[in-house]
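Open the model in your viewer and keep the selection tool ready. The stops below go one at a time.

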Amino acid sequence: GAPAGAVFRGRRPTGELWTPAFAAAHPGRDWILSRILWLCGEEPGRNRGGEVDTMRRYIYLHGTGDDQPMGVARSHGCVRMRNRDIIELFELVPAGTVVEIVE
């Protein structure tokens, strides 16, 4: 139910809304916006319970600022999406949906 552009920290809304001016006032922030789909790895001992555990590393699909490029590595391991796209995806997939990320 958060508005498009809602800012999240620690998976909780901060009450802030992303705008280009707000982003310029907070350079260097890794913007997690609009919705979060928190990923849980499926490979026991590797990305589930291993040293690169996806859930413990807080790896998400999430929205990002409209000024951010897509298709280039810029996050801390997350998959960034346009806010309108993550909002649509969030409404389409129930918790527990299998996600496969391929190049």
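Is Glu16 buried or partly exposed? Select Glu16: with a relative accessible area of 26%, this residue is partly exposed. Here buried means under 20% relative accessible area, exposed means over 50%, and partly exposed lies in between (1.4 Å probe, protein chains only).

Two notes before moving on. Residues are numbered from 1 along each chain as its sequence is written, and side-chain values use heavy atoms, with hydrogens and water left out. This is a predicted model: local features need pLDDT of at least 70, side-chain atom pairs count only at pLDDT 80 or more, and totals for chains, interfaces and linings use all residues.

**Salt bridges**

Helices (H or I, at least four residues) and strands (E, at least two) are DSSP runs, numbered from the N terminus. A salt bridge is a side-chain nitrogen of Lys or Arg within 4 Å of a carboxyl oxygen of Asp or Glu. By this rule the count comes to two. Arg29 is buried, with a relative accessible area of 18%.

Now select Asp30 and Arg80. This is a salt bridge too, with the closest N and O atoms 2.2 Å apart. Asp30 lies in the loop between H1 and S3 and Arg80 in strand S5 (residues 79–82), so the pair ties together parts that are 50 residues apart in sequence. Asp30 counts as partly exposed because its relative accessibility is 24%. Arg80, at 17%, counts as buried.

**Backbone stops**

Select Arg11, in the loop between strand S1 (6–9) and strand S2 (12–17). Its phi is near 65 degrees, a positive value in a residue other than glycine. Most residues other than glycine have a negative phi. Arg11 is partly exposed, at 28% relative accessibility.

Ser34 counts as buried because its relative accessibility is 1%.

**The nonpolar patch**

Stay on strand S3 and select Trp38. Trp38 is partly exposed, at 36% relative accessibility.

Trp38, Met55 and Tyr58 make a nonpolar surface patch of about 290 Å². Patches are made of residues with over 30% relative accessible area and no salt bridge; like charges are joined within 9 Å, nonpolar side chains (Val, Leu, Ile, Met, Phe, Trp, Tyr) within 5 Å. Areas come from the Shrake-Rupley method with a 1.4 Å probe; for residues, only the protein chains shown count as cover. Tyr58 sits in the loop between S3 and strand S4 (60–64), and at 41% relative accessibility counts as partly exposed.

**The largest pocket**

Last stop: the largest pocket, with a volume of about 870 Å³. Select Leu39, Cys40, Gly41, Thr54 and Val99, the closest to its centre of the 29 lining residues. A pocket is an open set of points on a 1 Å grid over the protein atoms alone, where a 1.4 Å probe fits, with protein on both sides within 12 Å along at least five of seven lines; lining residues have an atom within 4 Å of a point. Grid points are joined across faces, edges and corners, and the volume is the space filled by probe spheres set on the points. Strand S3 (residues 33–38) gives the most to this lining, with three residues.
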